[in-house]
Amino acid sequence: MALRADDLIDRRRLRRKLTFWRVAAIGIVALGVIALSAWFYRDDLGGSTVDHIAKVRIEGTITEDEELIKRLEDIRKSSKVKGVILAIDSPGGTTVGGESIYEEVRKVAADKPVVAEVGTLAASAGYMIASAADHIVARKTSIVGSIGVLIQYPDVSGLMDKLGIKLEEVKSSPLKASPSPFKPTNDDERAMVRKLILDSYDWFVGIVAERRKMTHEQALALADGSIFTGRQGVTNGLIDAVGGETEAIDWLATKGVDAKLKVVEWKDTERRGSFLWSKAMVKTVGSALGLPGYSSDVIHELGADRLFLDGLVSVWHP
């Protein structure tokens with residue numbers, strides 16, 4: 001009986017030890033997950049706890065982007081950010097999207113020096129955003145300009161006639177739901193759309209004149225939709241200097257920013273679902289599997305996303 005009691009005590013001790021180590025193992029795993037999560041979040045947020053220069057990439061077709069606007073707001077409020085580099089590589093997009101980002105960049109520039117670094121191109125709404133910076137640098141062969149606004153819509157009325165399809169409609173007034181892809185545009189409809197375009201165009205030209213310190217007439221002369229190389233952009237005043245990140249940092253130094261500060265990229269912080277399905281994790285897993293490191297879908301990769309822009313657009317179509 002005594003041996004059996006000792007065995008019982010030993011078993012209980014063993015169970016307590018096993019329970020302890022199980023809890024400890026779960027704790028260690030949890031800490032590992034938290035640490036890994038913090039590492040990803042550090043990458044995505046810029047995550048620096050020391051003074052630095054924040055870099056923000058604005059790429060692809062521009063639309064209203066709440067996440068980007070929030071990121072710019074966080075950069076503006078961060079005491080650790082001493083200067084900002086906007087790395088722009090965009091053909092433009094919706095005029096409203098460009099306007100919203102332009103306004104947020106101006107808010108940042110009110111508190112910190114901001115320089116735009118143009119990559120392959122900053123055209124239309126892309127150039128609109130670049131003009132919000134205090135200084136613009138671009139490569140010699142970068143593309144800038146394409147200042148203008150347009151609305152595009154198809155006319156499938158000929159196809160409908162061939163297929164024997166007719167459109168019946170009852171409207172409250174002649175210009176309601178115009179222009180329509182289901183019938184040719186008449187003079188009144190075309191005049192209405194032109195007034196809409198010219199009003200936004202006048203606003204766009206106005207901000208170029210203001211930001212680039214030109215007269216309205218000088219800006220208007222450059223705003224015929226033309227595109228320019230970086231070298232031409234310097235000559236006509238659309239950009240300030242030829243160069244890349246080094247030249248951008250050199251300019252920030254003239255505004256009191258220590259050129260030796262580390263440049264930290266503040267990345268997209270948008271999350272879909274849990275941490276395991278965050279963009280950072282998806283990108284990491286995709287890279288491990290040999291898949292492209294971009295989160296864009298096939299349509300975006302082909303550039304066809306521009307076909308689905310709605311409303312007024314400021315976008316260069318090569």
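Biologist: Which helix is A125 found in?

Modeller: In this predicted model, A125 is found in helix α4.

Biologist: What makes A125 buried?

Modeller: The relative accessible area of A125 is 0%, and buried means under 20%, so A125 is buried.

Biologist: What is A125 in contact with, leaving aside its neighbours within four places in sequence?

Modeller: A125 is in contact with I62, G92, G93, T94, G98 and S314.

Biologist: How many residues apart in sequence are A125 and E99, and how many Å apart in space?

Modeller: A125 and E99 are 26 residues apart in sequence, with 7.8 Å from C-alpha to C-alpha.

Biologist: On to the helix pairs, then. Why are α3 and α6 called roughly parallel?

Modeller: The axes of α3 (residues 95–109) and α6 (residues 187–211) cross at roughly 25 degrees and come within 12 Å. Angles under 35 degrees count as roughly parallel, so α3 and α6 are roughly parallel to each other. The crossing in which α3 passes α6 is left-handed.

Biologist: Which residues make that contact?

Modeller: From α3, T95, E99, Y102 and R106 take part, and from α6, W203, I207 and R211. Sorted by class, the contact of α3 with α6 holds three nonpolar, three charged and one polar residue.

Biologist: Why would residues a few places apart in a helix point the same way?

Modeller: An α-helix has 3.6 residues a turn, so residues three or four places apart point the same way.

Biologist: And what makes α2 and α3 roughly parallel?

Modeller: Here the axes of α2 (residues 66–77) and α3 come within 9 Å and cross at roughly 5 degrees. Under 35 degrees is roughly parallel, so α2 and α3 are roughly parallel to each other. In this pair, S100, I101, E104, V105, K107 and V108 of α3 meet L68, I69, L72, E73 and R76 of α2. By class, the contact of α2 with α3 divides into six nonpolar, four charged and one polar.

Biologist: How do you know whether the span of α6 agrees with what 1.5 Å a residue should give?

Modeller: The 25 residues of α6 should span 36 Å at 1.5 Å a residue, and the end C-alpha atoms of α6 are 36 Å apart, so the two agree. For α3, with 15 residues, the reach from first C-alpha to last is 21 Å, close to the expected 21 Å.

Biologist: Which residues of α6 and α3 are buried?

Modeller: In α6, the buried residues are E189, V193, I197, S200, Y201, F204, V205, I207, V208, A209 and R211. In α3, they are T95, G97, G98, S100, I101, Y102, E104, V105, V108 and A109.

Biologist: What covers the buried residues of α6?

Modeller: The cover includes α3, α4 (125–130), α7 (216–222) and β10 (313–315).

Biologist: Is S146 buried or exposed, and what about K213?

Modeller: S146 has a relative accessible area of 8%, and buried means under 20%, so S146 is buried. K213 has 73%, and exposed means over 50%, so K213 is exposed. K213 has its place in the loop between α6 and α7, and its phi, near 55 degrees, is also positive in a residue other than glycine.

Biologist: What kind of peptide bond joins S178 and P179?

Modeller: A cis one, with omega about 0 degrees. Most peptide bonds are trans. P179 is found in the loop between α5 (157–163) and α6.

Biologist: Why does G256 count as exposed?

Modeller: Its relative accessibility is 68%, and exposed means over 50%, so G256 counts as exposed. G256 lies in the loop between α9 (245–254) and β9 (263–265). G256 and G83 are 173 residues apart in sequence, and 9.2 Å apart in space from C-alpha to C-alpha.

Biologist: Finally, how many helices and strands has the protein?

Modeller: The protein has 11 helices and 10 strands, and buried residues make up 38% of its 318 residues. Among contacts between residues at least 6 apart in sequence, 76% join residues at least 24 apart.

Key:
Residues are numbered from 1 along each chain as its sequence is written. This is a predicted model: local features need pLDDT of at least 70, side-chain atom pairs count only at pLDDT 80 or more; totals for chains, interfaces and linings use all residues. Side-chain values use heavy atoms; hydrogens and water are left out. Axes are lines fitted to C-alpha atoms, for helices over the stretch in contact, and angles run from 0 to 180 degrees between N-to-C directions. Helices (H or I, at least four residues) and strands (E, at least two) are DSSP runs, numbered from the N terminus. Angles under 35 degrees count as roughly parallel, over 145 as roughly antiparallel, 65 to 115 as roughly perpendicular and the rest as oblique. A crossing is left-handed if the near helix is turned anticlockwise from the far one by less than a right angle, and right-handed if clockwise. Contact means heavy atoms within 4.5 Å. Ala, Val, Leu, Ile, Met, Phe, Trp, Tyr, Cys and Pro count as nonpolar, Asp, Glu, Lys and Arg as charged, and the others, Gly among them, as polar. The expected span of a helix is 1.5 Å times one less than its number of residues. Buried means under 20% relative accessible area, exposed over 50%, partly exposed in between (1.4 Å probe, protein chains only).
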